[in-house]
Amino acid sequence: MQNWNSYRDSLLQYVAKFAKLAPDTMRGLSAMEAGTSKIGQLDAKTHELIALAVAVTTRCDGCISIHSKKAIEAGATKEQIAEALSVAISLNAGAALTYSARVLEAVENLAEH
């Protein structure tokens, strides 16, 4: 099993190295994160639950390590995290269904020509 604390620490070390090599990129990312992390209509826990669902759909281990910790710190329970991840699972299945329909469309289109 993954040691998520060690992984997160190592990841952040390499992110810091990347930041020195590409400071403009990191400034842009930091500005985007600052803009989306402001508490407005959604509370911090909801932000983190969304982040975890997106992390799963984008298959980002780094995102999982960072946002799992933040979700717990924001008060998210295992049950709330599981519910958010269930939404991600459902959407991934829906996306697979949508793209399956696209394959059928392509097959029918190609068979006509």
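Two salt bridges turn up in this predicted model. One of them joins Arg-27 to Asp-24, with the closest N and O atoms 2.3 Å apart. Both partners sit in helix H2, three residues apart, so to speak about one turn of the helix. Arg-27 counts as exposed because its relative accessibility is 53%, and Asp-24 is exposed too, with a relative accessible area of 58%.

The other pairing links Lys-69 with Glu-73, and here the closest N and O atoms are 2.6 Å apart. These two residues belong to helix H4 and are four residues apart, again about one turn of the helix. At 36% relative accessibility, Lys-69 is just partly exposed, whereas Glu-73, at 56%, is exposed.

Then there is Glu-48, in helix H3, which is buried yet has no salt bridge. Side chains of opposite charge can pair when their charged atoms come close. Leaving aside residues up to four places away in sequence, Glu-48 touches His-67, Lys-70 and Ala-71.

His-67 and Lys-70 come up again in the largest pocket, which holds about 890 Å³ of space. Of the 26 residues lining this pocket, the closest to its centre are Glu-33, Ala-51, Ile-66, His-67 and Lys-70. Helices H1, H2, H3 and H4 each give two or more residues to the lining. As for its make-up, the lining divides into 17 nonpolar, six polar and three charged residues.

Note on methods
Residues numbered from 1 in each chain as written. Predicted model: local features only at pLDDT ≥ 70, side-chain atom pairs only at ≥ 80, totals over all residues. Heavy atoms only, no water. 1 Å grid on protein atoms, 1.4 Å probe; cavity = no way out; pocket = protein on both sides within 12 Å on 5 of 7 lines; lining within 4 Å. Points joined across faces, edges and corners; volume = space filled by probe spheres on them. Nonpolar A, V, L, I, M, F, W, Y, C, P; charged D, E, K, R; others polar. Buried < 20%, exposed > 50% of the residue type's maximum accessible area, 1.4 Å probe, protein only. Lys, Arg positive; Asp, Glu negative; His and termini not counted. Salt bridge = Lys/Arg side-chain N within 4 Å of Asp/Glu carboxyl O. Contact = heavy atoms within 4.5 Å.
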